[in-house]
Amino acid sequence: MLPSQALLPAVVFALTALQALASDTFIAAVYEHAVILPDPTQEPVSPDSALALMNKNMDVLEGAIKEAAQKGAHIIVTPEDGIYGWRFTRESIYPYLEDIPDPMVNWIPCTDPSRFGPAPVQERLSCMARNNSIYVVANIGDKKPCNSSDPKCPSDGRYQYNTDVVFDPQGKLVARYHKYNLFRSETQFNYPKEPEAVTFETPFGKFGIFTCFDILFYEPAVVLVSKMQVDTVLFPTAWMNVLPFLTAVEFHSAWAMGMRVNLLSANTHNINMAMTGSGLFTAEGPAAYHYDSATEEGRLLLAELSTHPRLSPTYPPATNWSLYATSIKKFPGGNDTFLGAVRKDMFTFSELRHKAGNYTVCQGDLCCHLVYQMSKRKGEVYVLGAFDGLHGSLIKYHWQICTLLKCPSTNLSTCGQPVQTAQTKFEMFSLSGTFGTSYVFPEVLYSGVQLAPGEFEVLRDGRLKSKHGTSKPLITATLFGRLYEKDLPHPLRTSL
């Protein structure tokens, strides 16, 4: 006898779980979504209008989820703001929010939708997961009432949170995360009172989750990996690409390599706001990635990843990021330096005046060392740069950066400004620095904003080296360090 329709999702989930348990790998998916945006308004729309807009986006997401499941994916991550977009004030976003309970309540919205009041978005996401027997990760908005007994209660009597939710293949809510590090434009949301370290177990590893800007901070990003020992991080994001160091695919790939975990990064897609770049990134480099600044189309990516990366025989060894650089004296020659701005950060640069050479540049406590050999010098200007200081506006955080960087023109005053194309290849480069942190992220970016998987390596003594020269012209080779202990306090901490 065939199982009843009601039991079918549970049977499929059980078979999927057994299959995952028998394997050292799993199939993951991310979807880069071209979000359908609401019309800008200062006033709230009706709940029906808000739900109609969200259903249009969920129609697209459901198609991607079905396709991913049909291709064998066990989990899919969708983007931050992927269901209702942005362009909101605190008041105008309210009709889009739902009350999202703590996952400890053991709730399947698909089968019990009204248990916690109206929750049509959670119901539909839960059914997407249940009907396709796949973990579904989505970003929505949570609302929580408060009153005068809470001294932090906003004047409108509620907290509003940028929130990630995860539904398992039975449709059960298994994770809820409130974004802790809000970007400067997210005035429609509140900070949670404490940073959350959200994890959950699956048949194919331990997962953690956070959102977009969170990736740059100790809490929750480093806590999840270093203290909670997750295998894979789920990362809904709405990332606006900023060359030369903070394009989505570049930094997210580097973060996965530096932290030595899987990162499933799903970005929104909006070329007018420079939003693109998603991927499935591992400790050994990108398994799949997508960067498209030309079209308005979404993209589904899938890849087979290690269930427990730390147990893999190819898992990279730990790196002492300052060992090599602190063991050598400054290289002679070519050390005339000048200051140049990367956005608002003043780097110390030295021009690479020859086809090959050894260079040292220092700023603050950081000295950066470079050995290089160009294949052919194409009349382009490259510099070695160092930065050691605070970055940011509302939230200030400490960077230490060593970079081999192409300038937009032969005018040195342009060095540090964005550039996407190059003509010069390198036969070799070796970049290192006297970092004061063990959290350093290696990046190599080629012309056209392309990654270089398999073409560079990080040695245990902290050197970022090309393996056999660059197959494409080079934009940047960078060691991006985060000195978390020198960060200024989180805005919530300063307001207590």
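**Disulfides and a cavity between domains**

C146 and C153 are joined in a disulfide (a pair of cysteine sulfur atoms within 2.5 Å), with their sulfur atoms 2.1 Å apart. The model is a predicted one, where local features need pLDDT of at least 70 and side-chain atom pairs count only at pLDDT 80 or more, while totals for chains, interfaces and linings use all residues. Residues are numbered from 1 along each chain as its sequence is written, and side-chain values use heavy atoms, with hydrogens and water left out.

Let's stay with that pair. The torsion about the S-S bond of C146 and C153 is about 80°, so the disulfide is right-handed. C146 is buried, at 17% relative accessible area; buried means under 20%, exposed over 50% and partly exposed in between, with a 1.4 Å probe and protein chains only.

The structure holds five disulfides. Another of them joins C368 to C402, S to S 2.0 Å, and this link is left-handed, with -80° about the S-S bond. The pair ties together distant parts of the chain, 34 residues apart: C368 lies in strand β16 (residues 366–374) and C402 in strand β18 (residues 397–406). Strands here are DSSP runs of E, at least two residues, numbered from the N terminus. C368 is buried at 0% relative accessibility, and C402 is buried at 0% too.

Now for the space inside. Domain 1 (25–311) and domain 2 (322–486) both give residues to the lining of the largest cavity, so this cavity lies between them. The domain bounds come from an automatic or database domain assignment. Among the lining residues are F245, R343 and W399. A cavity is a set of points on a 1 Å grid over the protein atoms alone where a 1.4 Å probe fits but cannot get out, and lining residues have an atom within 4 Å of a point.

How values were computed. On a 1 Å grid over the protein atoms alone, a cavity is a set of points where a 1.4 Å probe fits but cannot get out, and a pocket is an open set with protein on both sides within 12 Å along at least five of seven lines; lining residues have an atom within 4 Å of a point. Helices (H or I, at least four residues) and strands (E, at least two) are DSSP runs, numbered from the N terminus.
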